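Here are my notes for a first look at this model. Please read them with the structure open.

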Amino acid sequence: MINKLQNRDILNAINTIDCEIKAIEELKNTLNESLTNALDLIEQAKGRIILTGMGKSGHIAKKIAASLASTGTPSFFMHPAEASHGDLGMVTQEDVIIAISNSGESRELIDVLNYSKRFGIKLIAITKNPESSLGKAGDIVLKLPQAKEACPLGLAPTSSTTATLVLGDVITVGMIERKGFSKAQFNQRHPGGKLGSILQRVKDLMHTGDEMPILEEHSTLKELILEMTSKRLGCVGLINKKGELTGIFTDGDLRRCIEKNAQSALAIDIMTKNPTTATKDMFTSEAVKIMNDKKITNMFVIEDNKPIGAIHIHDLLKNGAA
């Protein structure tokens, strides 16, 4: 049963969420050609996109910079206070600055604004007040909604930072679409962690060369067992005289041979023909799905119908491709 304190907490939570949803809805109504102009400016930039902001706006700016950088738009965060003490030297005339301030009157941004004007550096202003110092300095202004903060005091940045974060996501997704940023490019920027493992390719984990269990399709059962045992992948790939993969022999096939007393049979008679295969550029997550759907633990990787590698589901799961 929910007590009075829990009930109050839940009502406060709902009010906060509703307030922030309203801010996002209002943000939708502020979108206009300025967004297209801002995306044009970012896309045409020969340098980097430099995000800056003070306090909570600065935290949001860091996230936007990180999102842009990870999706193909070179970006970094510059602290406005540090900018006044030498970090402005990192900014070039080929860069674009995105400055964020809810009020548009953050004193710490003044030096950044003056520097951008002095050296003709393009500036995108994100603010609630286009008539503020920041708004007037911006070559392009992306207006934040005039939504009230979810904070009951009306002071702590809540709805305003949520709207700014969403606007940053709008910019990031806009650039992904414009640049045609791919999964492969995303993987190059995320080699570590879960994302990196999900986006690994089969070629990164497959067994090749002498590690690959391969025999000619007329091999004997004894040869199959020796090859399977020495390569330790629980299977053997069978090839024809052209070197093309024609079948696979697995632990399951071996058990069925013993049950049928087929010890004198040749590989071509007892192998599983037309086996499920993978390609080297297939994502490991796709390979895992195929193995799960087919209820198999091994696949050979082929190119022009010839085996170039072998993968085992344990290799994939060990590397996080689940």
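1. Helices (H or I, at least four residues) and strands (E, at least two) are DSSP runs, numbered from the N terminus. Just after helix α11, Asn-261 has a positive phi of about 55 degrees.

2. The model is predicted: local features need pLDDT of at least 70, side-chain atom pairs count only at pLDDT 80 or more, and totals for chains, interfaces and linings use all residues. Residues are numbered from 1 along each chain as its sequence is written, and side-chain values use heavy atoms, with hydrogens and water left out.

3. In α11 (residues 251-259), Gly-252, Asp-253, Leu-254 and Cys-257 are buried, meaning under 20% relative accessible area with a 1.4 Å probe, protein chains only. Their cover includes α10 (221-231), β8 (245-250), α12 (267-270) and β9 (272-273), with contact taken as heavy atoms within 4.5 Å.

4. Which residues does Ile-98 touch, not counting residues up to four places away in sequence? They are Ile-42, Ile-49, Ile-50, Leu-51, Thr-52, Ile-124 and Ile-126.

Definitions and conventions
Buried means under 20% relative accessible area, exposed over 50%, partly exposed in between (1.4 Å probe, protein chains only).
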